[in-house]
Amino acid sequence: MTWNDPNAQQEAQNYENPIPSRLLILQTLADKGELTHKQLAESFGIDNEDQFDALGNRLKAMSRDGQVNRDGRPYKYRAVTKQDVVTGTVSAHAKGFGFVVLDDMPDLFLHEKQMRWVFNGDTVNAIGTTTDNRGRTEGRIIEVTERQQTHFIGTLEKDDEGYIVSLSSPNNHQPITVAAENVAALNAKPGYPVKVDIIDWPTQHEFATGKIINVMDDDNDREVIIETTLLNYDIPSDFGAGVLKQANSYKEPTEQEMKGRTDIRHLPLVTIDGEDSRDFDDAVYAEKRPGGNYRVVVAIADVSHYVTPNSALDHEAFDRGTSVYFPHHVVPMLPEVLSNGLCSLNPGIDRLCMVADIKLSRAGNITGYEFYPSVMHSQARLTYNQVNDYFEGNMENVPDSLTGNKDVKKSIDTMHQLYKVLVQKREERNAMEFETPETYIKFNEEGGIDAIVPRTRGDSHKLIEELMLLANTCAANFALKYELPVLYRNHDKPDSEKSRTVHEYAKNFGISFPEENPTQADYKRIIEATKDRPDAVSIHSMLLRSMMQANYSPDNIGHFGLAYDEYSHFTSPIRRYPDLMLHRAIKAKVTGKKQPEMDFTLEEAGQQTSDTERRAEKASRFVESWLKCHYMKDHVGEEFDGVVTTVTSFGLFINLTELFIDGLVHISNVGKDFFVYDEKQQQLIGQDRGTVYGLGDLVRIKVAAVNMDLLQIDFELIAKLKASAMNQTKKDGNGNGNGKSKQTNNKSDNNGQGKGFDDKKPSRRRNGRGRGKPKS
């Protein structure tokens, strides 16, 4: 041995033919920089073949463990430094792998072994190690810096080794062991949902241990999954004592509080909301002006009067960012004493509000606006269905608060007239409106799903939407004019990759679409050309997926989808924090007061509110998907009609026409043929029989299986009932497509995803291993 190794004695004890220790290798790389395997061997004077190979194995292990990075061919190794360490959030996949989600660089892929340390949402320090054959940078977790949660909800299970609590996705990779004494003390039964606190966190070799603190014997699956989701997504659901104390300290508005506000209690303002709405944050009124012009008053609850800057209430609202909506359950941003009480524009009582008073020409052009704090008095609480019935002449269910109040009736008639003008303006600016149905879940008395029905949108829904858009655009214009410290609601145009996808897809309809920098008019051409087709929903869903995500930012870039040069959120401060910020800024400006100094920067607020919005959306989608999968467990083996909504290399996604539930027909269940995936035409093409499956095809399926861990419903294709116009068989001379095809066979795959735990339950020790000495 020709090297001076600080760990030489330990190496000699462990190996008959020692090689340089990891410490010496790191010291050498730090001193000499990047070196290949061969160069390192030469620097150590290694000429023995066995030692050379052993050094190579050690370098591979060090790369795997994140001690060195390797790049190029042949590999050049360098020591990992502090500059290589990144901080991100763990995103777990139901199949056992995961990612470290990073803000300003590609995410790091985490194998199942790395996921053993962590739960979904944990904050970790990690490094990139190697690049796999799919081009993903593999990550290694250095340390867990913050745990997202310390208690979980799962199902108690028992096996030969004892009791565990199995968690649902996205933490189904991380069972928690619990003691038999703990189970007996609470009389917990296997199969029941339980809440468990963590005692010891998981390691590479052992599962986490915990203590059951509550047996959730509620038979209502919906309530259990919502509470589980709130924990898994770290969504606050309980208000602290300080927050409640502040909220409960407010009383009904006094004359002193109304002083200095514009009094509009004489105006016949009304609220128009859903049947089950409980918080009413907007009231509306319209009147005709001389020459056929219009005046619109949009009154919004003055939440900023109660949620004062940097108070306990304000910090809580900022942390939550938004209210979270689940089927028949709401987690509000503000305590109910405010959201459903003092800040709700309930009928027949005085309420403080912020007003957007807007003037429009008879053609619907904004000719002026002003904002002011006010006091109002709603004259009716109307529902969308009631107003729709009124517009359609179905007077049986229309309340007297509308038909019996001539001022309210006149205002509603004026708003409906203005709505038709505003719809024309929407058409002129090419704002997009996709034919994508919304659904809602109806529950029975036991809390189970009774039905899934489409949510219809009549003129009343669209009328309120147009008036809210008016107020939001005027508020954004006002904020830009006076350079107020607010957040804008931005929606960027599609990037080049997504534009090229739509460009190829639009060829199916003989419609031109640019490969770069599309305009709203380009999208509108496809929407208009396909809106009456039977496969319109599939087409428009694909177009919608090509759009960028909207976000909040202190820098305005406009809203591509709505075709506005400036846009903000002003109309829902009860349930969205950016609206509250905008109210404060506008109120300070119009009252001549100093802009409030906040405990956060605008950039931090933009990131926080965008993140909490995404969190709420993911949690809501998860609960809805879980409920639908739970519902479909009772329908395995039954047949339904459906429409192909997405085509991939691994199969067809089908939306059931009666239940509005999505499932996958895997490529192995499509048919007895060799199928080729045509990405450009969005089709699966049978090479032997020429059968084509594509977007909009009507098919008959059988429910084959439901996987609650993956939240995946598997269908088996029974028959093709009707082909979309562009998906005819090759024998008909159509559907072969012009794009480059990818060959796909009928063998099962896992959609290119990583491999998680085996189907069999692992032992308490990971893979049955103890804590023995790891190999090099």
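Modeller: Axes are lines fitted to C-alpha atoms, for helices over the stretch in contact, and angles run from 0 to 180 degrees between N-to-C directions. Helices (H or I, at least four residues) and strands (E, at least two) are DSSP runs, numbered from the N terminus. The model is predicted, with local features needing pLDDT of at least 70 and side-chain atom pairs counting only at pLDDT 80 or more, while totals for chains, interfaces and linings use all residues. Residues are numbered from 1 along each chain as its sequence is written, and side-chain values use heavy atoms, with hydrogens and water left out.

Biologist: At what angle do helix H2 and helix H4 pack?

Modeller: H2 covers residues 22-32 and H4 covers residues 49-64, and their axes lie 11 Å apart. H2 is therefore roughly perpendicular to H4, a term for angles of 65 to 115 degrees, whereas those under 35 count as roughly parallel, those over 145 as roughly antiparallel and the rest as oblique. The packing angle is about 80°.

Biologist: How many nonpolar residues does the contact of H2 with H4 have?

Modeller: Contact means heavy atoms within 4.5 Å, and H2 contributes Arg-22, Ile-25 and Leu-26, while H4 contributes Leu-55, Arg-58, Leu-59, Ala-61, Met-62 and Arg-64. Ala, Val, Leu, Ile, Met, Phe, Trp, Tyr, Cys and Pro count as nonpolar, Asp, Glu, Lys and Arg as charged, and the others, Gly among them, as polar. Between H2 and H4 there are 3 charged residues and no polar ones, and the number of nonpolar residues is 6.

Biologist: How far apart are the axes of helix H14 and helix H15?

Modeller: H14 (residues 406-428) and H15 (residues 459-481) pack at an angle of about 70°, which means that H14 is roughly perpendicular to H15. Among the residues that meet there are Tyr-419 and Arg-426 in H14 and Lys-462 and Glu-466 in H15. The contact of H14 with H15 divides into 8 nonpolar, 1 polar and 5 charged residues, and the axes of the two helices are apart by 9 Å.

Biologist: Which residue in E10 stands opposite Glu-157?

Modeller: E9 and E10 form a hairpin with 2 residues between them, and within this pair Gly-154 stands opposite Leu-167. E10 is mostly covered, with 6 of its 6 residues buried, where buried means under 20% relative accessible area, exposed over 50% and partly exposed in between (1.4 Å probe, protein chains only). The residue of E10 that stands opposite Glu-157 is Ile-164.

Biologist: Over how many bridges do strand E33 and strand E34 pair?

Modeller: Both strands belong to a closed barrel of 5 strands, which runs E27-E28-E29-E34-E33 with mixed pairing. E33 and E34 form a hairpin with 4 residues between them, and Leu-711 in the turn has a positive phi of about 50°. Val-706 stands opposite Ile-713 in E34, and Lys-702 stands opposite Glu-716. E33 (residues 698-707) and E34 (residues 712-722) pair in the antiparallel sense, and the number of bridges is 9.

Biologist: Which residue, with a positive phi, follows H10?

Modeller: In H10 (residues 312-320) the buried residues are Leu-313, Asp-314, Glu-316, Ala-317, Phe-318 and Arg-320. What covers them includes helix H8 (241-248), helix H19 (577-591) and H20. The residue that follows H10, with a phi near 75°, is Gly-321.

Notes:
Pairing = 2+ DSSP bridges.
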